Amino acid sequence: MSKSSHELVGQEVERLALFVSSITDYAIYMLTPTGEVASWNAGAQRFKGYTAQEIIGHHFSRFYTDEDRAAGVPVRALEEARHRGRFEAEGWRVRQDGSRFWAHVIIDAIRDEHGVLVGFAKVTRDITKQKVAADQLRDSERRFRILVQGVTDYAIYMISPSGEITNWNAGARRIKGFEQDEVVGTNFARFYSAEDQADGAPQRALARAAAEGRFEAEGWRMRKDGSRFWAHVVIDAIRNEHGELEGFAKVTRDITERRHAQAELEKAREALYQAQKMEAIGKVTGGVAHDFNNLLNVVNNGLALLRRTSTTAHDVRLIDTMDKALKRGATLVQQLLAFARQQPLVKEHKNLNRVISSFETVLQRAGRSGASFELNLADALPTVEIDTAQVETGLLNLVVNAYDAISVPGGRIIVSTQVLELEANQVRKLPAGRYVALSVADNGHGMPPQTIDRATEPFFTTKEVGKGTGLGLSQVYGMVQQSGGDLTIESEEGRGTVITLYFPVSQGGAEEHADSELETVLVVDDQTEVLDVTAELFKSLGFEVFSASSGEQALDVLKRTPRISLLVTDVVMGGMSGVELAKAASKLAPTLKVILASGYAGAAFATASGGKLEGFHFLSKPYRVNDIVRKLRALG
């Protein structure tokens, strides 16, 4: 190498040495192969506090803490650099004044051209601020993890970009029922219902969160045990500093109770609105009905005066026609008053089963014969305080409506009773207590929700013009309200309707005409007019009367009502004859007294086995009240 080349190299070395000695952000110095400090720069003096004169020649281990020196950390650092060529680490170092700083350290082995170790180059940087920031961040993350893990009201967990669960907190475990090892690594779609999974709801949620940064919704979610809960869900997209999607943070809260509370509040508001509306309609209706009743009274008295002075048949017919219209108007007024709860009720303590059974024949005749009619009456029914005539009228209205709702073959109407123990507001605004529920169910065309909402309003009807007044159901509503109960309608288009009346159980009231005081009779005849008149005759004699229009129907009544003590039946009827009925009834109730009625005795004997009527009494038609009384005396 020429002299000029040596000079250039020397100059370059001097410039490099000057450059290194001037650096203040890094401590850069040389160590001997045994670890003594051989050089020192400005950065080393700034970080460690020693001047070059104070430190050169001393072992570099003095910069380590007592704990690290005792553990042999400096020796291992040189050994690793010697064998591997490089050592890198972070740790606490000690300044001259005894204070500590967190250092990032690199030690490189320096060898000559023959590979002989001549020393080490050591670069140290003070990263205490970064260390403090990292520790604070790590501590913050630790506290955040503790916070998240400790939250039990919210399910908080992370999911990967493809939807796999990566962690799980205590709230998620409480709300969803899964342990961490059961869900981590599985797809979060498992918490959605089968319907939502099939519809792709989980994938849409992630796609929206990824596109917009956030997804928020409410819906049904599934627990481990298969039960459902209503959840409020928030999914936030998590991205790194480069904007790349790292995953999602998902927060779920169980708001089932809140949803139920909101539903109950809406239900209460709607009930209040309906009650206020019906109360307002009732006041207007009651006022109109009273005024109209006064007008009808004037017309009625005027017709009575006209009748007294009319002499021609033509005038009498006109008056009769006007009188019929007047009576229809009076009936409408009574229905309006019943809805307005201003119709005086004659209340008695009654067993609804007996009221229904004694009225069964009328109910069966209320509609077409194509639909079946059934009674499903509960046993041991307690008494309720009702106006029997009003209940019969209301029940007849419900059954007629049920018949009208059935437009296809196979129609079915069921009148049933049951005893219920209700909590407060379980059924509309009824107070807690025991109630007898009377239901009329049909499998007709049903009603849409908007019709159900208006069904009890006066004059509201879905029937054709001229087919109904719209007062039947409103009269029923007013009657049951006036009796201290309420009415509910359950209906679905194409599935049928169930209308239920709730009557509070009587408080200590005994039923009028108890079994020991009132004899019970079953009257059977296939002629409607004869049946109705005979029933009225026995009622006038103080009997509790049940009626049936066929032998088969009569046996059903007897099975349901074992207290019936007397059977009065026509002999010649379609289907089962009176004698056949009498024999079957006697087998069913051996103590039952039987009276066979017929227009001539031969008919009775002709239908009897062997021409004898053993054990049965015969009543010849036509008969009068006195004939019945004499026959009853003969029975003893």
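In which sense do strand 6 and strand 7 pair? Strand 6 (residues 214-222) and strand 7 (residues 228-239) are antiparallel, with nine bridges between them; two strands pair if DSSP finds at least two bridges. G219 has A231 of strand 7 as its bridge partner. The two strands form a hairpin with five residues between them, and G226 in the turn has a positive phi of about 90°.

This is a predicted model, in which local features need pLDDT of at least 70 and side-chain atom pairs pLDDT 80 or more, while totals for chains, interfaces and linings use all residues. Residues are numbered from 1 along each chain as its sequence is written, and side-chain values use heavy atoms, leaving out hydrogens and water.

The protein has 22 helices and 20 strands, taken as DSSP runs numbered from the N terminus (helices H or I, at least four residues; strands E, at least two). Of its 636 residues, 41% count as buried, meaning under 20% relative accessible area with a 1.4 Å probe and protein chains only; exposed is over 50%, and partly exposed lies in between.

R223 pairs with D254, their closest N and O atoms being 2.9 Å apart. D254 is partly exposed at 29%, and R223 is partly exposed at 23%.

Definitions and conventions
Salt bridge = Lys/Arg side-chain N within 4 Å of Asp/Glu carboxyl O.
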